[in-house]
2 protein chains.
Amino acid sequence: MSPAWIAVDWGTSNLRVWAMDDSANILGQASSSQGMNAIAADETLSFESVLIGLIENWLDDGYANRLPVIICGMAGAKQGWLEAPYCSVPVHPAKLAAEAVIPDVDDRRIAVSILPGLKQVDDPDVMRGEETQLVGFMAVHPGFDGWVCLPGTHSKWARVFDGTISAFRTYMSGEVFALLSSQSILRHSVDDRWDDAVFEATIRETANQPTGFLHKLFTVRASGLVGNDRVANEPGAAVLSGTVIGTEIADMISMLAPGAKIALIGDGKLAGLYRKALAVHGVDADIVDSASITLAGLGAAYRVIHKK
Amino acid sequence: MSPAWIAVDWGTSNLRVWAMDDSANILGQASSSQGMNAIAADETLSFESVLIGLIENWLDDGYANRLPVIICGMAGAKQGWLEAPYCSVPVHPAKLAAEAVIPDVDDRRIAVSILPGLKQVDDPDVMRGEETQLVGFMAVHPGFDGWVCLPGTHSKWARVFDGTISAFRTYMSGEVFALLSSQSILRHSVDDRWDDAVFEATIRETANQPTGFLHKLFTVRASGLVGNDRVANEPGAAVLSGTVIGTEIADMISMLAPGAKIALIGDGKLAGLYRKALAVHGVDADIVDSASITLAGLGAAYRVIHKK
């Protein structure tokens, strides 16, 4: 196997690497739990040693040139390998690639580039990692004009048009859901039970009273206590999830032009819930798989940086 | 000292007792950290033994009759001393007192009554303890027609008119603030710094975009990262507090008739913040001290139960 370059997605808690050829074929892949936090917590580890440990058997001492390695994510954070300062929106993908930073490496077999994150100065906001998914999305869907949503711990909504990312908006929905369901009084009311109809009804309620978040939360607790048969056995997880996602989507929808296009980048259950919630608002959103999109974004950066 | 009765406020984490005469004078007081949770966690403790331990030196073996003890709060919860089932709104204070429950006690010197909490079946909600503050408020302000707000871990807003509590609404504001400032990514952005002007500006922003809670939270984190001089040094605590309290108040205000009267029951800094936030909305709210109000509520129940 002789890869043309190596793609790396280095998150807070995970590291994923792919050996790529020049036609975007995946020749090999590997992953580890040595995300930024694990490396910061263990002084015997360095970003370079962890990376080499994972890709060692893809490297060949006989290369004439160093093998390009393109990294997105937390390796570029202040607490990461080498800080890649945020680029301001509006921004074109080529500019993001051009502002990649190059850390010193001891291993002469690799040439490492770390991509920057994105920032928005007015209505302050930042992202690091998701911008590469957006670039991948734009590469696969040239001419897209609308909003791209990346659900997650910190959900991101980005305005994409004319080949540019012009603005974005983060919601702390995933983190707030996790805290409330595990650390708050609501933990007693959230278990493994789920009901799609209850989730959708909650999305509708939230659409009708989109300012009531902090109150609606408490009804998750109170519903089982008041002897109201209609709500007594509603699964708390579906009400809590519907309240959090519904509040995010109601706010976002209020800022969109009627008929605005929305695409979801994600995988599994969460993106499906966002799709259901958007459908309640009459919006039909497509789901795009996030792993292939990250690779497409790293590939676009690879071609800019290495002039292919 | 010979008290006519004993007032008890038994919360989740605290227990407060007062020796009272028949003219509402306080003859003595004591408190401990043996709230409901501490008793539940230690099988050597019982509610009766903890209570007697705290009031022992107010009791006299020579009483002709048992000394009345009136308790509000978590002693009446399902996990408490004896469950006092919730009363439904609308409710008159006398009805709350009439539905007090009487636990068996081994000590023949006391006659214990535990007051019920309040529930609302439609728009499910519950309170336990605050209803006694509301009763005290109504005793001190007969004829009040408006909303009474009790800020706290779970803020309560109650509609009071015609001598009746007709509806109420809980907001999880205090608990959400505590979780976000200590357990979320925002903990890095919240410290001891504070700025009233930033708090008030955040209340104004939240009034203008009352649906944006989950997004506005993230700006607490992002403000220091994007190089926006206007917000770079804003104290995160003031922005977070303004976002949480502002979201609660914007939702509540949207449901009030113009000119509706609002009273705040509380003490110290938190009630002051609610007062400031309401002033941003053009509402002038009076603050009523919560300790004396609790006593007034327990006293009103004492007079109903013991026919004074």
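Ten residues line the largest cavity: A:Pro93, A:Leu96, A:Ala97, A:Leu115, A:Pro116, A:Glu131, A:Thr132, A:Val135, A:Gly297 and A:Ala301. A cavity here is a set of points on a 1 Å grid over the protein atoms alone where a 1.4 Å probe fits but cannot get out, and lining residues have an atom within 4 Å of a point. This is a predicted model, where local features need pLDDT of at least 70 and side-chain atom pairs count only at pLDDT 80 or more, while totals for chains, interfaces and linings use all residues. Residues are numbered from 1 along each chain as its sequence is written, chains are lettered from A in the order in which they are written, and side-chain values use heavy atoms, leaving out hydrogens and water.

Searching the whole structure turns up two cavities of 30 Å³ or more.

| Cavity | Volume |
|---|---|
| Largest | about 60 Å³ |

The lining has seven nonpolar, two polar and one charged residues.

The second largest cavity is lined from both chains, by A:Val176, A:Leu179, A:Leu180, B:Val176, B:Leu179 and B:Leu180. That makeup is six nonpolar, no polar and no charged.

What about disulfides (cysteine sulfur pairs within 2.5 Å)? The whole structure has zero. For A:Cys72, the nearest cysteine sulfur, that of A:Cys87, is 14 Å away.

Key: A disulfide is a pair of cysteine sulfur atoms within 2.5 Å. On a 1 Å grid over the protein atoms alone, a cavity is a set of points where a 1.4 Å probe fits but cannot get out, and a pocket is an open set with protein on both sides within 12 Å along at least five of seven lines; lining residues have an atom within 4 Å of a point. Grid points are joined across faces, edges and corners, and a volume is the space filled by probe spheres set on the points. Ala, Val, Leu, Ile, Met, Phe, Trp, Tyr, Cys and Pro count as nonpolar, Asp, Glu, Lys and Arg as charged, and the others, Gly among them, as polar.
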